[in-house]
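Biologist: I have a new structure open and want a quick tour. Can we go through it together?

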Amino acid sequence: KKKKKRMREKTSDVRIVDYDKEFHGRFCEIFYIGMIENWTHLYRGIWNLDNVLPFATQTVILVLLIHTVENFFAILLIELLLQMFILVASFFFYWSYLWTRLSGDLRSKDLDVYTTKSKNKAGVHLAVIKEKVVGIISYKEQDACPGTWEITALATLPSRRRRGVATKLVNYVEKRLLRYNQESLTVQLSSPQTRARQFFSSLSGWTQVDRQKIRFQFLHGVEMIRFQNHRIKNSEGENTGK
């Protein structure tokens, strides 16, 4: 019965509504939960053999400790302190980003960075199931690339994932983009955001178009990855011709 109930909630019970300031706290909460969880992926990625550079750095440090420190317990203590520092740094990486966003474009209850602009420039929407907000999305036109909308926030509650909520939010924005004759939709993710990367890779029309390294690559291995929806660009002529 529970499985059947979840399947019904997957699509039919999800409604996409415009943002209202009474949901500001809920919006920020879902955004925070969806972002902060990635710090554990960042830390685990440092010890992943697929992430060669930071793994090699950690190995070199350990080898140097073994050859320069005679006391075994001193080596363990130094290594423990080093790992604690990396754990804190991994958490701070996403916490600092959240602090910047929550004290910047998401600070106002009205989210006026998105809601005061014309509908063909920006927007904020909520996914609702039985009057409860379970997902969020925000987007705005890129200043350097008119006609391209960038998704600046997309998150769903952990208990509502894999039920089509995020897909419905993205599809809703895609339809709006076509309605206003915009050219493309894009999103930028960090490499530790594995769930988000898998999600956009699975969506029809979305492909990875760019991958950039950031500072101190040898310590964390984090890259910024951009996805873009080419389906919208290719279907624009068909849409405007109707």
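Biologist: Which residue in β3 is the bridge partner of A127?

Modeller: That is G135. Keep in mind that this is a predicted model.

Biologist: How do β2 and β3 pair, parallel or antiparallel?

Modeller: Antiparallel, over eight bridges. β2 covers residues 122–129, and β3 covers residues 132–142.

Biologist: What sits between those two strands, and which residue there has a positive phi?

Modeller: The hairpin of β2 and β3 has two residues between the strands. K130 is the residue with the positive phi, near 50 degrees.

Biologist: What about β3 and β4, parallel or antiparallel?

Modeller: Antiparallel, with eight bridges between them. β4 spans residues 145–156. A hairpin of two residues links β3 to β4.

Biologist: Which residues in β4 face K140 and E141?

Modeller: K140 has E150 as its bridge partner. E141 stands opposite W149.

Biologist: Is β3 mostly covered or mostly exposed?

Modeller: Mostly covered. Nine of the 11 residues in β3 are buried.

Biologist: Zoom out for me. What is the strand order in the sheet?

Modeller: The order is β1-β2-β3-β4-β5-β7-β6. That makes seven strands in an open sheet, with mixed pairing.

Biologist: Which strands are at the edges?

Modeller: β1 (14–18) and β6 (206–213). Each of these pairs on one side only.

Biologist: How many degrees are neighbouring strands turned against each other?

Modeller: 25 degrees on average, with direction ignored.

Biologist: Now helices. Which strands does α2 lie across?

Modeller: α2 lies across β2, β3 and β4. Its direction is at about 85 degrees to β3.

Biologist: And which strands does α8 touch?

Modeller: α8 packs on the sheet and touches β4, β5, β6 and β7. The direction of α8 makes about 155 degrees with that of β5.

Biologist: What is the volume of the largest pocket, and which residues are closest to its centre?

Modeller: The largest pocket holds about 1,000 Å³. Its lining has 38 residues, and L154, Q193, R195, A196 and F200 are closest to the centre.

Biologist: Which elements give two or more residues to that lining?

Modeller: α2 (24–36), α5 (72–102), β4, α7 (165–179), β5 (184–190) and α8 (194–202). The largest share is seven residues, from β4.

Biologist: How do the lining residues divide by class?

Modeller: The largest pocket has 18 nonpolar, 11 polar and nine charged residues in its lining.

Biologist: What about the second largest pocket? What is its volume?

Modeller: About 390 Å³. The second largest pocket is lined by 17 residues. F85, A89, F216, L219 and H220 lie nearest its centre.

Biologist: Which elements give two or more residues there?

Modeller: α3 (38–46), α4 (52–68), α5 and α9 (217–220). In this pocket, α5 gives the largest share, six residues.

Note on methods: Residues numbered from 1 in each chain as written. Predicted model: local features only at pLDDT ≥ 70, side-chain atom pairs only at ≥ 80, totals over all residues. Heavy atoms only, no water. Buried < 20%, exposed > 50% of the residue type's maximum accessible area, 1.4 Å probe, protein only. Helix = DSSP H or I, 4+ residues; strand = E, 2+ residues; numbered from the N terminus. Pairing = 2+ DSSP bridges. 1 Å grid on protein atoms, 1.4 Å probe; cavity = no way out; pocket = protein on both sides within 12 Å on 5 of 7 lines; lining within 4 Å. Points joined across faces, edges and corners; volume = space filled by probe spheres on them. Nonpolar A, V, L, I, M, F, W, Y, C, P; charged D, E, K, R; others polar. Axes fitted to C-alpha atoms, helices over the stretch in contact; angles between N-to-C directions. Contact = heavy atoms within 4.5 Å.
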